[in-house]
Amino acid sequence: AAELARDAPGPAPDRAGDEARADLPAGDGPRADAPRLDSKPKLDLKPDAKKLDQKPADKAPKPDLAKTIPGAWKAVASGTFTMGSPPSEPCRSANETEHQVTLTFGYQIQSTEVTQEQFLDVVGYTPSYHASCSDCPVETVSWHEAAAYCNALSSRAGLALCYACSGSQAAVSCSEAPSYQGAAVYACTGYRLPTEAEWEKAYRAGTTTGYYNAGVNPGMCGACSPMDPNVDAIAWHCGNAGGATHAVGGKAQNPLGLRDLAGNVREWCHDWYQADLGSAPVSNPWGVASIASTTRVARGGAFGTNAADVRAAARDHFPPSDRSASVGFRCVRR
């Protein structure tokens, strides 16, 4: 509770979970009755100007996604990685059991958190507590609002809607679309929130250390000061953020060109939370059914959290209706 009061200044509360830290066969020769090569009719190679600008009446022009879908997007390849943290990693929590995860599909992920300007452009309102910075990450958004934003991107691009939503703005309520529940989430071609495994694979970007740029300094797990220079390089957190969000993209990128996965704001994930992910290898994990959980996963730490919370394996979780000044999101798509 003390941590959350520090994360969310002013009236916007921040409720953390109990585990928070946490891309014809060949013939036999010419036929005797085949026409002579020099007997082919001559072709008129002059272009017909009237035909060049004709388009099939039943084919509408494809949308220019570079203009309609905001943000820069990076590709994350399919593959296997180690999710969680080893028992020897300083600052780890009990809910970070190390295990092998295989994602059989590659995906695109936004290179930064969704900004306030992008959110306003796509869904038409501004929910953020830290509202004076259009390039700062949008926050004070529930999981439902984040899912609705992903749906709005899908609609712009003419893609499948991964969520079923009703209501609008802060009163919107979303759940997985019937066709994409459980493991079927990976079959949705539209925009959605990343699964927890997709999020961590993107953060790690092939690295295996506690942070994507370095290992964890055991003496600075819970401290804001003195500040770990490795953490300072990649994350806005309690040691350098001054109690507020900052414009996205201001810290060092990871090997995939992704920024702000560590710090600035936590990021909603698609999954319902489960405390123990187990040690057995898994393929395309998606969390648990809603009847087994009441909270959704959030990852990455925030401007008010300490160095331990911006590690690759650190896990948070909140009720999906919570709206915190330290929680935002980014989207992915297949």
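Cys150 is buried, at 0% relative accessibility. Cys269 is likewise buried, at 0%. Here buried means under 20% relative accessible area, exposed means over 50%, and partly exposed lies in between (1.4 Å probe, protein chains only). The model is predicted: local features need pLDDT of at least 70, side-chain atom pairs count only at pLDDT 80 or more, and totals for chains, interfaces and linings use all residues. Residues are numbered from 1 along each chain as its sequence is written, and side-chain values use heavy atoms, with hydrogens and water left out.

Buried residues account for 49% of the 334 residues in the chain. The accessible surface of the chain is about 15500 Å². Carbon and sulfur atoms contribute 54% of that surface. These areas were computed by the Shrake-Rupley method with a 1.4 Å probe; for residues, only the protein chains shown count as cover.

A search of the whole structure returned five disulfides. The criterion was a pair of cysteine sulfur atoms within 2.5 Å. With bonded cysteines counted along the chain, the pattern is 1-8, 2-3, 4-7, 5-6, 9-10.

One of the disulfides links Cys91 and Cys221, with an S to S distance of 1.6 Å. The link is left-handed, with -75° about the S-S bond. Helices (H or I, at least four residues) and strands (E, at least two) are DSSP runs, numbered from the N terminus. Cys91 is buried, at 17% relative accessible area. Cys221 is buried too, at 17%.

Cys133 and Cys136 form another disulfide, with their sulfur atoms 2.1 Å apart. This link of Cys133 and Cys136 is right-handed, with 85° about the S-S bond. Cys133 is partly exposed at 21% relative accessibility, whereas Cys136 is buried at 3%.

Cys165 is joined to Cys174, S to S 2.1 Å. The torsion about the S-S bond of Cys165 and Cys174 is about 115°, so this disulfide is right-handed. Cys165 is partly exposed, with a relative accessible area of 35%. Cys174 is buried, at 5%.

The chain contains seven helices and 13 strands. Helix H5 covers residues 143-157, 15 residues in number. From first C-alpha to last, H5 reaches 22 Å, close to the 21 Å expected at 1.5 Å a residue. The expected span is 1.5 Å times one less than the number of residues in the helix. Of the 15 residues of H5, 13 are buried, so the helix is largely enclosed by the rest of the structure. Gly158 follows H5 and has a positive phi, near 70°.

An open sheet is formed by three strands in the order E2-E3-E9, with mixed pairing. Its edge strands are E2 and strand E9 (282-283), each of which pairs on one side only. Two strands pair if DSSP finds at least two bridges between them. E2 and E3 pair in the antiparallel sense over five bridges. Thr80 stands opposite Thr102 in E3.

H6 lies across E2 and E3 and runs at about 90° to E2. Contact means heavy atoms within 4.5 Å. Axes are lines fitted to C-alpha atoms, for helices over the stretch in contact, and angles run from 0 to 180 degrees between N-to-C directions.
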